[in-house]
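Dear colleague,

Please find below the structure that I am handing over to you. My notes on it follow directly after the sequence and the coordinates.

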Amino acid sequence: GATLAMLEPELQQREDTLRVEETFAVRRLRAALAERDGAAAKAAQHELDRVREQLEGHRDRMHARQSAAAQLVDPQVDTLAATQGRLAANEAQIHFAAVRGGLLAVVITRDAVRAMPIGKYAQLAAVLSRLTFEDPTSAWKEGWAALEALVVTPLALPANVERLTVVPAGRLDQLPFAALWPGKQVTLVPSATIGRLLATGSGSARGVLAIGDPESGQGPRLPSAAEEAARVGNRTLTGKEASEVGVHDALVAQKQRWRVVHFACHAQIDPTHPLRSSLGLAPSADDDGLWTVAEILKTRVPAELVVLAACSTAQGRAFEQEGRFGFVHAFFVAGATRVLASLWDVDDRATTAFVEQLHTALRSGAAPSEALRKAQAWMRSQKAWSHPAHWAG
């Protein structure tokens with residue numbers, strides 16, 4: 001709840017008190033039932049009903065007074081009509097699900113809802129096994145055509161759709177969806193609920209905090225990353241200044257949210273224990289310089305967009321319903337509204353070129369998804385960077 005909005009202290013305290021009362025009422029009821037004490041069970045049930053009635057009334061007040069913050073404490077399930085009502089005429093949502101070995105897609109636009117099977121999950125796995133996304137020497141067109149035939153063609157999106165929100169499932173969260181619909185703005189969310197909560201968190205934001213080439217000792221120095229940070233940042237931390245303490249102090253130095261927080265550094269990914277994955281910052285007397293996912297979760301990161309210009313930062317441990325746990329999820333919890341991360345290891349020169357185009361579009365006022373689309377389109381137009389390995393991830 002310390003992320004997109006904070007509940008007023010009075011509301012939060014009342015929420016916490018009623019939750020504790022509910023817990024103890026449940027324990028008393030269970031104990032009475034276990035002892036077969038009818039009178040005690042009746043009294044405990046009456047007390048539990050009273051507490052839950054108060055809790056329901058309190059949550060109604062929370063939603064009336066602080067809707068965005070209340071959604072984080074007590075998420076409300078949308079009706080289909082409410083979901084459609086938030087979509088513009090040129091927007092669509094695509095929800096994927098793995099069902100009994102098959103893949104199901106639900107396409108929602110403002111005017112229609114369509115659900116359709118799009119093949120067997122095994123077919124997708126077979127196509128993915130033939131694709132080496134990150135290899136710029138690979139003959140990719142045949143494999144990509146198979147992927148498009150399996151995932152894109154069956155959806156038959158309306159021609160007027162320009163912006164897509166994708167809720168992936170299973171291995172689909174590792175697909176470079178922006179490359180499957182190269183002319184559209186594409187955003188991924190771990191679930192529809194999280195996407196709605198993030199959409200309510202946007203507020204006034206300004207400035208770019210850029211962290212580049214920390215003296216981390218986690219790999220070779222990245223002088224181009226320091227230059228990258230200097231070009232894009234209003235506030236820049238490089239070398240020894242780019243420590244955990246330095247980053248934390250800079251994050252909270254201004255009262256408003258940062259428009260962008262940009263990291264150009266090394267990353268270490270631990271897919272088995274994602275809390276140990278880390279960004280390589282400069283060590284100091286107070287810390288080791290490994291800013292782990294566990295530590296990010298405990299930090300306030302007030303940013304409209306976090307850019308992780310490091311290798312494979314979109315990787316993590318997959319969970320059935322809520323996507324892949326790693327850096328992206330951690331920065332959402334910490335307060336970022338959007339995160340741009342990489343699906344695979346990225347070429348240093350290609351990343352520098354991509355980042356320049358991305359920030360140029362952002363400075364011109366483009367929304368993050370549109371800035372991403374423009375940067376990828378520019379990369380595709382350059383002979384040196386046209387292979388999907390350089391821009392699709």
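In which helix does Val152 lie? The model is a predicted one, and in it Val152 belongs to helix 6, which covers residues 141-152.

Is Val152 buried or exposed? Its relative accessibility is 15%, and because buried means under 20%, Val152 counts as buried. Apart from neighbours within four places in sequence, Val152 is in contact with Leu147, Leu180 and Trp181. Ala192 lies 40 residues from Val152 along the chain, and the C-alpha atoms of the two are separated by 20 Å.

I turn next to the strands. An open sheet is built from 5 strands in the order 3-2-1-4-5, and its pairing is mixed. Strand 3 (113-120) and strand 5 (185-188) form the edges, each pairing on one side only. From one strand to the next, the twist averages 20°.

Two of the pairings can be described residue by residue.

In soluble globular proteins, nonpolar side chains tend to be buried together. In this model, the largest nonpolar core has 90 residues, and Phe96, Phe263 and Phe331 are those with the most contacts inside it. Helix 13 (residues 348-363) supplies the largest share of this core, namely 7 residues.

What does Phe96 touch, when residues up to four places away in sequence are not counted? Its contacts are Leu104, Ala105, Ile118, Val151, Leu155, Val166, Val167, Pro168, Ala169, Leu172 and Phe177.

Helix 9 and helix 13

Helix 13 also packs against another helix. Helix 9 (residues 223-232) meets helix 13 at an angle of about 5°, and their axes are 11 Å apart. Helix 9 is therefore roughly parallel to helix 13. On the side of helix 9, the contact is made by Ser224, Glu228, Arg231 and Val232. Helix 13 contributes Asp348, Thr352, Val355, Glu356, His359 and Arg363. By class, this contact has 2 nonpolar, 3 polar and 5 charged residues.

A residue in a loop

Finally, where is Ser243 placed? Ser243 sits in the loop between strand 7 (235-239) and helix 10 (244-251). Because its relative accessibility is 8%, Ser243 counts as buried. Its contacts, leaving aside neighbours within four places in sequence, are Leu281, Ala282 and Ser284.

With kind regards

Notes
Residues are numbered from 1 along each chain as its sequence is written. This is a predicted model: local features need pLDDT of at least 70, side-chain atom pairs count only at pLDDT 80 or more; totals for chains, interfaces and linings use all residues. Side-chain values use heavy atoms; hydrogens and water are left out. Two strands pair if DSSP finds at least two bridges between them. Helices (H or I, at least four residues) and strands (E, at least two) are DSSP runs, numbered from the N terminus. Axes are lines fitted to C-alpha atoms, for helices over the stretch in contact, and angles run from 0 to 180 degrees between N-to-C directions. A nonpolar core is a set of buried Ala, Val, Leu, Ile, Met, Phe, Trp, Tyr and Cys residues joined through side-chain atoms within 4.5 Å. Buried means under 20% relative accessible area, exposed over 50%, partly exposed in between (1.4 Å probe, protein chains only). Contact means heavy atoms within 4.5 Å. Angles under 35 degrees count as roughly parallel, over 145 as roughly antiparallel, 65 to 115 as roughly perpendicular and the rest as oblique. Ala, Val, Leu, Ile, Met, Phe, Trp, Tyr, Cys and Pro count as nonpolar, Asp, Glu, Lys and Arg as charged, and the others, Gly among them, as polar.
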